[in-house]
There are 2 protein chains.
Amino acid sequence: MNDFAFYSPTEFHFGRTATDDMGSALSAAGFKRSLVVYGQGSVKRSGVLDQVKGSLTGAGIDLVELGGVRPNPDVSFVREGIGLVRERELDSVVAVGGGSVIDAAKAIAFGVYYEGDVWDIFAKGLPITRALPIATLVTIPAAGSEASASCVISNDEEGRKVGVGGDAFRPRFAFMNPEHTFSLPPYQTAAGVTDMFAHICERYFSGLGTVTVTDGIATSLMRTLIEHGPRVIEDPEDYEARANIMWVGMLAHNDIAGCGRGLKPGGRAGGWESHGLEHEVSAHFVEVTHGAGLAVIMPNWMRYVWPADPDRFLSYARDVFGIEPIDDTPDAIRDAIEIAIDETQEFFMSLGMPSSLSEFGIGEGDIETLIGTLEKTKGARFGAFRPLDMDDSREIYRMSLMPHEPNVWETEEEHEA
Amino acid sequence: MNDFAFYSPTEFHFGRTATDDMGSALSAAGFKRSLVVYGQGSVKRSGVLDQVKGSLTGAGIDLVELGGVRPNPDVSFVREGIGLVRERELDSVVAVGGGSVIDAAKAIAFGVYYEGDVWDIFAKGLPITRALPIATLVTIPAAGSEASASCVISNDEEGRKVGVGGDAFRPRFAFMNPEHTFSLPPYQTAAGVTDMFAHICERYFSGLGTVTVTDGIATSLMRTLIEHGPRVIEDPEDYEARANIMWVGMLAHNDIAGCGRGLKPGGRAGGWESHGLEHEVSAHFVEVTHGAGLAVIMPNWMRYVWPADPDRFLSYARDVFGIEPIDDTPDAIRDAIEIAIDETQEFFMSLGMPSSLSEFGIGEGDIETLIGTLEKTKGARFGAFRPLDMDDSREIYRMSLMPHEPNVWETEEEHEA
């Protein structure tokens, strides 16, 4: 187990009455004049935004609204928010929505303390030590941004999507009512579950050996998604399943699933290879939902890298899917690992996720575009489990163009043979 | 899943260099004049106290020392600490030690804000909304007090031991170096592991049904203890095992293992029956280490209450010990559950824990003494999984007087039959 720091100071209010708690909790914490950030109107239509505003103004908090965050939020929105906070002298930011809304709110919250253009912080990786207090009302469980130290913003002009990290902008509060996710369309639900699963995997496959306590948490979270993901697709108003998924989404990304798995002492767990590869896809093809991109990229990344540490993938096969190799020959080991990777991809597909980038009209001819900005963002070599250079990345993108054909086993015996 | 709040704002520095971080972290957080609380001298002998003092004074923090906390700390020590903080106008408390030291530090930290006698807070269950900031350097992993909302203090005059709860006194910082636990004697190590296991069980057996995400975390933590507990008894300097146990100790009691398992919406998970029964034992017989008392009480509590919810105990048998009933007859179900409970007790015994209260010279004649103060502290009926009245409690104490004889199976077939 490597040395680590862990700090997740967010105060969670989880359940059916969570939204009602907002006003009194934020007022007690000193929120007086808040910027309320939201997305493209679904929280207006559902009435959730009115509920939030009612709770906050009822507690005497003044509000300035800024709607319109789109998926993969552009830095221009962040600039607008920073301008509003400065002009109206606001003291806090309240995000109502999913990861894109929360990330936009975070960038506003720390961007106000930077005198230059906020994109510098992303482009130059400037350290972030200060942010306005942030509260979130989560309506799309996926990114885990409600408790994470991550913030990802796009820059359309440059065709880039860049993430930064820092404890200073972890939200002070997260309010989470699973009922608010009942109306989430199946595709977005599935993309969210995939993103959570990927957040756990990126840490699990950090290139370190076993860390029993953390691995046990990680694999239990993955099994929870495998159990409850199909339930919400089947019945979108299954409260228990929605609640389990919502809470896993937070745990998948507040770093509890990575403690002790940082490659450097004190470092963040994981090489974030699949996220790195996917970010280029959704930066260039904004219609690709991040989770849907991951559903394609991550299994192919796994197929490409597993030979670097078969033991780790055997643990994954056993602890997540209950798959054991039939003996200890290289063939049996390879089979067990490949079945586990197929199971991973087929889990995503069972939720309605794509299995190839070609479903988005992406083809061979686009790969060099992706590689161009990937190298700019990640450098010539990146990752931890097995460092990837641009040729490796090309190959993973290429594999990701091919649809996956699920194996159909005739009988159980055949499967086991 | 019931509604819940979760707030664990402690900043953890975990690993071989954790102690060195103390001065700069506390200084940055505004600690200027700290009361340093410690126990009966082992941190002096080991040099850990000097290391802490060096780091703090090196960062310009003034220190006032108060040593001498004993196991099951008495309220008189807390009063002394409160007096010192007031007299010397200190702004923070630093605890160097285990749960008793940290609990004493907590009581001092919130006691300074109460004008009357600090015992009132315990005796009357007064709400606690404010405390001085607390930092801990953990040398005995067991109580999980480094991140918990609990504080247990004894009152020798009254022969009582009472716990209070509150987010206000969760420590601001916890510094955890597994190497500091290498010199912990086997008995204390084992008592710590038992206490952790019990913290998880109290939440797991809260009387609610399944909460997949939380139950998955809980059982993975229990399995981690079962794997690494014997390793540290075998080799006290096994860093990985010490590290796993230390981190589980925190997770077992910061409430992450109870989210959604509170019986009332927003309530704390678990009925804390075994802790309630044990606290009377170590209050009257101060030579009984809390964990050793639990090693006896908890398995007997399990034997007494499991019929109230066999399904829950079947999940426990399966997910913690891999035990399945051979069929779904009542006999097979009972057998599986009883084997799992025996395995629990034999796990504690394998670490060197006692199996009966008679090993401490406690006999039938002492039961009414325990019942007398139990009723005063807990009321005539307490608990959640299956509420216990004083007759139930008498019976569990009585069962706890008898040593457990581990089953010896002649052959594997016989075991399965």
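**Interface between chains A and B**

Across the interface of chain A and chain B, two salt bridges are found, a salt bridge being a side-chain nitrogen of Lys or Arg within 4 Å of a carboxyl oxygen of Asp or Glu. The structure is a predicted model, in which local features need pLDDT of at least 70 and side-chain atom pairs count only at pLDDT 80 or more, whereas totals for chains, interfaces and linings use all residues. Residues are numbered from 1 along each chain as its sequence is written, chains are lettered from A in the order in which they are written, and side-chain values use heavy atoms, with hydrogens and water left out.

In a salt bridge between Asp3(A) and Arg16(B), the closest N and O atoms are 3.6 Å apart. Arg16(B) lies in the loop between β2 and α1 (22-28) of chain B and Asp3(A) in the segment before β1 of chain A, so the pair joins two chains; helices (H or I, at least four residues) and strands (E, at least two) are DSSP runs, numbered from the N terminus. Over all chains, the whole structure holds 44 salt bridges.

Contact, defined as heavy atoms within 4.5 Å, involves 38 residues of chain A and 38 residues of chain B. The area buried between the two chains is about 3,000 Å², with carbon and sulfur atoms giving 55%; buried area is the accessible area (1.4 Å probe) that two parts lose on being put together, summed over both.

β1(A) pairs with strand β2 (residues 11-14) of chain B in the antiparallel sense over four bridges, where pairing requires that DSSP find at least two bridges between the strands. Within β2(B), Glu11(B) is the bridge partner of Tyr7(A).

With regard to chain A as a whole, its secondary structure comes to 16 helices and 11 strands. The radius of gyration of chain A, taken over C-alpha atoms, is 21 Å, close to the 22 Å that the globule rule (2.2 Å times the number of residues to the power 0.38) gives for 417 residues, so chain A is as compact as a globular protein of that length. Along the principal axes, the C-alpha atoms of chain A fill a box of roughly 65 × 45 × 45 Å.
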